[in-house]
Protein chains: 2
Amino acid sequence: MKEIKIFSPASIANLSCGFDILGVCLNDIGDTIVVRKTSEKGIKILKVTGQKLNTDIYKNVAGVSALALLKETKVNCGFEIEIHKGIKPGSGIGSSAASSAGSVYAINELLGRPYSNKELIKFAIEGEKIASGSAHADNVAAVLLGGFTFVRDSLEFDIFKLNTPIELAFTILHPQIEVKTSESRAIIKNQVPLRKMIVQTANLGAFISGLYTEDYNLIGRSIKDVIIEPLRSILIPKFDKLKEISLSNGALGFGISGSGPSVFALSKGLLNAKKIGNLLKIEYNQLGIEFDIHTSSVNEKGIKIIEYK
Amino acid sequence: MKEIKIFSPASIANLSCGFDILGVCLNDIGDTIVVRKTSEKGIKILKVTGQKLNTDIYKNVAGVSALALLKETKVNCGFEIEIHKGIKPGSGIGSSAASSAGSVYAINELLGRPYSNKELIKFAIEGEKIASGSAHADNVAAVLLGGFTFVRDSLEFDIFKLNTPIELAFTILHPQIEVKTSESRAIIKNQVPLRKMIVQTANLGAFISGLYTEDYNLIGRSIKDVIIEPLRSILIPKFDKLKEISLSNGALGFGISGSGPSVFALSKGLLNAKKIGNLLKIEYNQLGIEFDIHTSSVNEKGIKIIEYK
């Protein structure tokens, strides 16, 4: 096997109650990545289509994660990478994670799978470091493990997959505004009132319980964020209105995807997710801001192999 | 049916990672309560044995919870209550919850069960208010529902039972020192660093996941408290030493039971819980402080009916 073509999906981190902890893998939206073995050693990024991104292997997240893998695994060949971006960088639905996780997944396949998908997280995280300055595992874990994922401790790679109630479906609205990561971070307070911490903790625990018992009402009651959302949502035009529309039309929950600017509505059933997508579209059309809308059920498998050669 | 005798068990609240959220019901340690229907209306507490407690129905938690139930339920009879305390008040293993939940459980039985056990929580909480000044539901929920219980929102009674991995067992050491609730509360800080909140939240979520997947190692890695324990543990003589002994002898976790002064070790298997009990006993015997040690598996059923008449 000399060449592999994969589809590396988008993901949502945080999910309101799980700041820096929860992730979920999406369907259909994602990057297509082709990796070929070469006799010449080293990594090359031949081209990036779909988005303007650096092909320097030390600056492109797919190069950085690939280098991290090859640093630990001595091989007698090299790899060339083509990335066809389906996710817009800075959208908040795991653009860097899709490329970073995708490249190491593909290389691992071509090497005969020396690593488990979980083990690949540590290499993919290196790409995340370059993209956002922090080694957060929530998006790459979702992409590599599929389904809902939980990061208990990213330094110790204590990361695992949760249960997925199959009817859960997401609507994602990506307003094409630039929210600088630095701004999005600066807005967060370093101290949290104990009372709010208890509410947030109770919601995360209840959400996890709801995933295992497949209790959609409990999931809806607990997918809430009393800590970060009130601060960050002001950066997203019409956040409160979008939330109101979603919740009054049957959504289980509504929140910020990752650090934004994308937002998500969580529904029971893809049909309802699509209905909410249409309603959010009508609302956002009045704004004069470019935007994309996606709907997706939960992608239980994560990265998909399209073709081997 | 005119008379009922029940056993109302002790419980552990907080469980390190679930401050104000988690509870678990214990076996063998508890209060025995007898309740009789009387033709005369109203509530009487005939006697309390085992501990010196007020028999005034407005000051004894069992009277207060019973009054709350009767306020909502019009009946043509009254009830007299005898309480045989097996739990020492102020121990931190749910003494007030056992009496408060026990009396309403017994009265509900004698009335032909107009309420579910979950509905009884709201009456039992009234007793807790008198005992500690706050309407916390974590102990009474554990006593009334059995097993591990989760309080998502005590004001909305969003409370449910979690899964119990059957091999879990507790060792409880109760040092007979007085820790005033006011002191135990005053020591808690009202602001929590965001980073610590994330660690605590991640541990609670992982603990819940571990209960559902019955992953004893994950339970052990996540039953930790980085917020409250570092502050409160200084009130408990030899806390760090007891913790070290427990963890180095196979305990999955160790922490403060409720607001203390009791501490608990969590083990896989009752045998290990007993072994740790013996080791803690040896250590505490050197101190010259009176103490009790209990071992218990998880009580899945909660309150037990001993006798009907």
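Student: Which residues of the largest nonpolar core touch the most other members?

Tutor: In this predicted model, the largest nonpolar core has 184 residues, and among these A:Ala101, A:Leu144, B:Ala101 and B:Leu144 touch the most other members.

Student: What makes A:Ala101 and A:Leu144 count as members of a nonpolar core?

Tutor: Such a core is a set of buried residues of kinds that include Ala and Leu, joined through C-beta atoms within 7 Å, and a residue is called buried if 20 or more other C-beta atoms lie within 10 Å of its own. A:Ala101 and A:Leu144 are listed among the residues of the core, so they meet these conditions.

Student: Which residues does A:Ala101 touch, not counting those up to four places away in sequence?

Tutor: A:Ala101 touches A:Ser8, A:Leu120, A:Ala124, A:Val140, A:Val143, A:Leu144 and A:Ile303. Contact requires C-beta atoms within 7 Å, so each of these residues has its C-beta atom within that distance of the one of A:Ala101.

Student: How do you know that chain A and chain B are related as by a two-fold rotation axis?

Tutor: A rotation of 180° with 0.0 Å of shift along its axis superposes chain A on chain B, with an RMSD of 0.0 Å, and the two copies are therefore related as by a two-fold rotation axis. The same surface serves both copies, since 100% of the contact residues of chain A recur in chain B.

Student: Which elements form the side of chain A that touches chain B?

Tutor: The contact takes 30 residues from chain A and 30 residues from chain B. On the side of chain A, the elements that give two or more residues are β5 (148-153), β8 (191-193), α6 (194-213) and α7 (216-222), and α6(A) gives the most, with twelve residues. By class, the residues on this side of chain A divide into 16 nonpolar, eight polar and six charged.

Student: How is chain A divided into domains, and what lies on the side of domain 1 that touches domain 2?

Tutor: Domain 1 of chain A covers 3-162 + 299-308, and domain 2 covers 168-297, while 24 Å separate their centres, taken over C-alpha atoms. Their contact takes 23 residues from domain 1 and 31 residues from domain 2. On the side of domain 1, β1 (3-13) and β2 (22-38) of chain A are the elements that give two or more residues, and β2(A) gives the most, with four residues.

Note on methods: Residues are numbered from 1 along each chain as its sequence is written. Chains are lettered from A and ligands numbered from 1 in the order in which they are written. This is a predicted model: local features need pLDDT of at least 70, side-chain atom pairs count only at pLDDT 80 or more; totals for chains, interfaces and linings use all residues. Copies are superposed by least squares on the C-alpha atoms of residues with pLDDT of at least 70 in both. Two residues are in contact if their C-beta atoms, placed from the backbone, lie within 7 Å. Domain bounds come from an automatic or database domain assignment. A residue is buried if 20 or more other C-beta atoms lie within 10 Å of its own, exposed if 12 or fewer, and partly exposed in between; C-beta atoms are placed from the backbone. Ala, Val, Leu, Ile, Met, Phe, Trp, Tyr, Cys and Pro count as nonpolar, Asp, Glu, Lys and Arg as charged, and the others, Gly among them, as polar.
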